[in-house]
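Here is a quick walk through one model, with a pocket, a sheet and an aromatic pair along the way. Keep the viewer open while you read.

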Amino acid sequence: GTSTSIGRVTIRSANSGTAGSSGALVFSSGSSSSGNTGAIYVGSGAATSGRGGAIMLTVGSGNSGIGGDLSLRAGASTAASKDGGSIYIYPGTGTTSTSGVYIYDGAGSQRILVTSSTIKLDSGGTVDIDAASSVTIDAATTITLSATSGVDFADSSIIVGYATGTGTAVTMNTVSGLITSSSSALGASTS
């Protein structure tokens, strides 16, 4: 081929008049009475001596009511003992490990970062983790709990598997440290 750029293809509905909505765009494969329906693929081409083209899904802004939603929903299944479809998000591979998944709030602040080496959750307010059964936090080296006003275990009955003692240190699950408390239920120390 020739060393020139190729023109773009634009698919859009017409603008609305002075009142009303602009027309919708529907991209859908047909239904099937027996067998699978057709898949839909949206992608940019591979590049040599350049970058692959970006793909953006954007909801337009408005000045009346709340902003429009952007929803990603996998398919449901009515088959016996079968799960519904899943949603997978993969960052691109590269020669470094810095590619990741970034989630921002409406103000443009990064709240969630997921890379091959880091999972970071940064809240502007409260983080609430609620499980119907149990929550497990496991680390190969160190788990650090830090708070300006202290770490509060609201129910002393949840503290298990520790040993108390007098002096400057006690052992908590074989980890040396100091536990101080005003509650005899926890094992009040002299500190």
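## A pocket, a sheet and a ring pair

The second largest pocket holds about 860 Å³ of space. A pocket here is an open set of points on a 1 Å grid over the protein atoms alone, with protein on both sides within 12 Å along at least five of seven lines. The volume is the space filled by probe spheres set on the points, with grid points joined across faces, edges and corners.

Before going on, note that this is a predicted model: local features need pLDDT of at least 70, side-chain atom pairs count only at pLDDT 80 or more, and totals for chains, interfaces and linings use all residues. Residues are numbered from 1 along each chain as its sequence is written, and side-chain values use heavy atoms, with hydrogens and water left out.

What lines that pocket? Among the lining residues (those with an atom within 4 Å of a point) are Ile40, Val42, Asp69 and Arg73, and the stretch Ile55, Met56, Leu57, Thr58 and Val59 also takes part. By type, the lining splits into eight nonpolar, two polar and two charged residues.

Strands count as paired if DSSP finds at least two bridges between them.

| Strand pair | Bridges | Residues between the strands |
|---|---|---|
| S1 and S2 | five bridges | five residues |
| S2 and S3 | three bridges | three residues |

Ile112, for its part, faces Leu121 in S3.

How many aromatic pairs does the whole structure have? The search finds one: Tyr88 and Tyr90, stacked at 6.2 Å centre to centre with 10 degrees between the planes. Ring centres must lie within 6.5 Å to pair, and planes under 30 degrees apart count as stacked. Both tyrosines, Tyr88 and Tyr90, are exposed, that is, over 50% relative accessible area with a 1.4 Å probe, protein chains only.

How values were computed: Helix = DSSP H or I, 4+ residues; strand = E, 2+ residues; numbered from the N terminus. Phe/Tyr/Trp six-rings, centres within 6.5 Å; stacked < 30°, edge-to-face > 60°. Buried < 20%, exposed > 50% of the residue type's maximum accessible area, 1.4 Å probe, protein only. 1 Å grid on protein atoms, 1.4 Å probe; cavity = no way out; pocket = protein on both sides within 12 Å on 5 of 7 lines; lining within 4 Å. Nonpolar A, V, L, I, M, F, W, Y, C, P; charged D, E, K, R; others polar.
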